[in-house]
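Take a look at the model below. This report covers helix packing, a surface patch and a loop.

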Amino acid sequence: MTSVTEVRRPAPRAPDPRRGAGRAVDHGPWFLVLPALIPILVLSVGPLLYGVLLAFTDAQSGRTEPTQWIGTLNFQDLLRDTLFWESFRIGLVWAVGVTVPQFLLALGLALLLDQDLKLRWLARALAIVPWAMPEVVVGIMWRIVYNPDAGILNETLRDLGLGDGRDWLSGLATALPAVIVVGVWAGMPQTTVALLAGLQNTPRELHEAAAVDGAGAWRRFRTVTWPAIRPIALAITALNLIWNFNSFALVYVLTNGGPGGRTRLPMLFAYEEAFRYGQFGYAAAMGCVMVAAVSIALAVFLAGRLRGGDET
């Protein structure tokens, strides 16, 4: 005789009344984030959206007539504005010209400050001095350095017999390189601090093991140090590109966009259009183009670097 075992389905469970309460509790973190989220929405997202809307209007200063919606007319005029696109090119040269040497010099300084040297604490303190100075103060200080008559740079060149000096900030060929040097000097500390933090988080055991295996300094850097600080280097380089492209105060104090527009960055151009000529809608359209260009370039840059990191 064969016995047939009856398979019974389990009875459906009654709904747990605590589940609804649990879902309500999940919204708790949003209330914790809200105090930090509100200032971002009010001070960042709100003005950004207002600027985008302003770009599609004919807003001007001193107008008695109400502002009107003109669609893409500002952007059409901007496409034909050769002065703006020249400032855009200068902005790209400035951003790359500052970011690349800034990163290389900061990396070398971070590697040096990571060594067990005497008075290392003093060297680290001195390395961040430019970071503690406002950009306006930095600009005034370097204007004194570049002064054609009594500046430290020209006096040093005269003492060394290398010429009578020149007006660095007023020369058509020297203005932009001179300003780039100041930008590199002023922005190097934050890059150094970020890279130094990554170096200190790298396990010392990896360096010791590589040294025991006979790896030289360059090979240890390539196989141990660089993979450890690569994410930090990627992040700080991307941020530096954004900060440098959007620079305003430093160049404004040094040259005010001169001579002949050779140092007129896009931010300076938009500032002049808005607050010197009163073309608020046109200046807002410039801001939209700059935001879009930086976002696209940054996305391409990050995608390429991340793809390269995945392959390695």
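In this predicted model, helices α9 and α11 are roughly antiparallel to each other, because their axes cross at roughly 160° and angles over 145 degrees count as roughly antiparallel. Helix α9 spans residues 175-200, and helix α11 spans residues 217-245.

Helix α9 also meets helix α7, which covers residues 135-145. Here the axes cross at roughly 135°, so α7 and α9 are oblique to each other. The table sets out both pairs.

| Helix pair | Axes come within | Crossing angle | Handedness |
|---|---|---|---|
| α9 and α11 | 9 Å | roughly 160° | right-handed |
| α7 and α9 | 11 Å | roughly 135° | right-handed |

Now turn to the surface. A nonpolar patch there includes Phe 31, Leu 34, Ile 38 and Leu 43. Together, the residues of the patch have about 870 Å² of accessible area. Leu 43 lies in helix α2, which runs over residues 28-54. Is Leu 43 buried or exposed? Leu 43 counts as exposed because its relative accessibility is 64%, and the cut-off for exposed is over 50%.

Most residues other than glycine have a negative phi, and most peptide bonds are trans. Asn 256 is not a glycine, yet its phi is positive, at about 55°. Asn 256 sits in this loop. Asn 256 counts as partly exposed, because its relative accessibility is 33%. A cis peptide bond joins Gly 258 to Pro 259, with omega at about -5°.

Note on methods:
Residues are numbered from 1 along each chain as its sequence is written. This is a predicted model: local features need pLDDT of at least 70, side-chain atom pairs count only at pLDDT 80 or more; totals for chains, interfaces and linings use all residues. Side-chain values use heavy atoms; hydrogens and water are left out. Patches are made of residues with over 30% relative accessible area and no salt bridge: like charges are joined within 9 Å, nonpolar side chains (Val, Leu, Ile, Met, Phe, Trp, Tyr) within 5 Å. Accessible areas come from the Shrake-Rupley method with a 1.4 Å probe; for residues, only the protein chains shown count as cover. A salt bridge is a side-chain nitrogen of Lys or Arg within 4 Å of a carboxyl oxygen of Asp or Glu. Helices (H or I, at least four residues) and strands (E, at least two) are DSSP runs, numbered from the N terminus. Buried means under 20% relative accessible area, exposed over 50%, partly exposed in between (1.4 Å probe, protein chains only). Axes are lines fitted to C-alpha atoms, for helices over the stretch in contact, and angles run from 0 to 180 degrees between N-to-C directions. Angles under 35 degrees count as roughly parallel, over 145 as roughly antiparallel, 65 to 115 as roughly perpendicular and the rest as oblique. A crossing is left-handed if the near helix is turned anticlockwise from the far one by less than a right angle, and right-handed if clockwise.
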